[in-house]
Amino acid sequence: MQLWVDADACPNAIKDILYRAAERVGIVLTLVANQPLRTPPSRYIRSLQVEAGFDVADNRIAELMQEGDLVITADIPLAATVIEKGGLALNPSGELYTAENIKERLAMRNLMDELRSSGQLSGGPAAPGKRERQAFANALDRLLARTSRR
C-alpha cells in the first residue's frame, strides 16, 4: 500500500498528520501537486510536481495509484476513479468514499457546481477545525491498522 495525496488543495494540517503517519508506519507517501512542495526530509515522503492545468494532478494520481493504495483527496471524481481501480479514497475531513456512497457524492458535487456557476453559492470548504483534523487522523489510523493486518 502507498499513500497518495492530491496536494494542491490539501490543508497543511492534514499534510502534517500524513507526514507523521508515514514515518510511524513506514509507508510511502507521495504528494502530487502542480506547484513545488516543501516536505520534511524522510525516506518515506516524496513529492511529485506535475504541469499546471485542470485535473493534471488528479489524472497523474489516477494513473500511478494501484489497487489497495489510499488516496487523500476532496476531489470526488478522482475518488470515484480510485474506487473503480480498487483503491481507497479518504477526504481531508475523515470521510471514506466507498462504492456505496460515491454516486451520491458525485450528484451532490454536480448540484453544488451548478449553484456556484449560477452565482447562488460562493466559496469553498472551510479549513479543517480541530474536530475535522481529529476525525481525519482517526480514520487514517483505522485504515492503516486494517491494511497492516493483511
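This note goes through the predicted model point by point, from overall make-up to single residues.

1. **Basis.** The model is predicted: local features need pLDDT of at least 70, side-chain atom pairs count only at pLDDT 80 or more, and totals for chains, interfaces and linings use all residues. Residues are numbered from 1 along each chain as its sequence is written, and side-chain values use heavy atoms, with hydrogens and water left out.

2. **Make-up.** The protein has 5 helices and 6 strands. Both are DSSP runs numbered from the N terminus: helices are H or I with at least four residues, strands are E with at least two. From the N terminus, the order is β-α-β-β-α-β-α-β-β-α-α.

3. **Surface and burial.** Of the 150 residues, 38% are buried. Buried means under 20% relative accessible area, exposed means over 50%, and partly exposed lies in between (1.4 Å probe, protein chains only).

4. **Contact range.** Take the contacts between residues at least 6 apart in sequence: 47% of them join residues at least 24 apart. A contact here means heavy atoms within 4.5 Å.

5. **Main core.** The largest nonpolar core has 26 residues. Such a core is a set of buried Ala, Val, Leu, Ile, Met, Phe, Trp, Tyr and Cys residues joined through side-chain atoms within 4.5 Å. Leu-18, Leu-29 and Leu-140 have the most contacts inside the largest core. At least two of its residues come from each of β1 (3-6), α1, β2 (29-33), β4 (70-72), β5 (88-90) and α5 (130-148).

6. **Leu-29 and the second core.** Neighbours within four places in sequence aside, Leu-29 is in contact with Leu-3, Val-5, Leu-18, Tyr-19, Ala-22, Tyr-44, Ile-45 and Arg-46. A second, separate core has 17 residues, including Trp-4, Val-71, Leu-78 and Tyr-97.

7. **Helix α1.** This helix covers residues 12-25, 14 residues in total. From first C-alpha to last it reaches 20 Å, close to the 20 Å expected at 1.5 Å a residue. The expected span is 1.5 Å times one less than the number of residues. Its buried residues include Ile-14, Lys-15, Ile-17, Leu-18, Tyr-19, Ala-21 and Ala-22. Just after α1, Gly-26 takes a positive phi of about 75°.

8. **Helix α3.** In α3 (residues 76-84), the buried residues are Ile-76, Leu-78, Ala-79, Ala-80, Val-82 and Ile-83. Asp-75 caps the N-terminal end: one of its side-chain oxygens lies 2.8 Å from the backbone nitrogen of Leu-78. Just after α3, Gly-86 has a positive phi of about 85°.

9. **Asp-55.** This residue is not a glycine, yet its phi is positive, at about 65°. Asp-55 sits in the loop between β3 (45-49) and α2 (56-64). Its relative accessibility is 29%, so Asp-55 counts as partly exposed.

10. **Salt bridges.** The whole structure contains 2 salt bridges. The criterion is a side-chain nitrogen of Lys or Arg within 4 Å of a carboxyl oxygen of Asp or Glu. In one, Asp-141 meets Arg-24 at 2.6 Å, N to O. Asp-141 lies in α5 and Arg-24 in α1, so the pair ties together parts 117 residues apart in sequence. Asp-141 is partly exposed at 35% relative accessibility, while Arg-24 is exposed at 53%.

11. Glu-63 pairs with Arg-60, with the closest N and O atoms 2.6 Å apart. The two are 3 residues apart in helix α2, so about one helical turn separates them. Glu-63 is exposed at 53% relative accessibility; Arg-60 is partly exposed at 29%.

12. **Leu-144.** This α5 residue is buried, with a relative accessible area of 4%. Leu-144 and Val-25 are 119 residues apart in sequence but 7.9 Å apart in space, C-alpha to C-alpha. Beyond neighbours within four places, Leu-144 is in contact with Met-1, Leu-3, Ala-21, Val-25 and Ile-27.

13. **Asp-58.** Found in helix α2, Asp-58 counts as buried at 8% relative accessibility. Leaving aside neighbours within four places in sequence, Asp-58 is in contact with Asp-6, Asp-75 and Leu-78.

Note on methods
A polar contact is a pair of N or O atoms within 3.5 Å; within protein, one must be able to donate a hydrogen and the other to accept it, and residues adjacent in sequence count only if both atoms are side-chain atoms.
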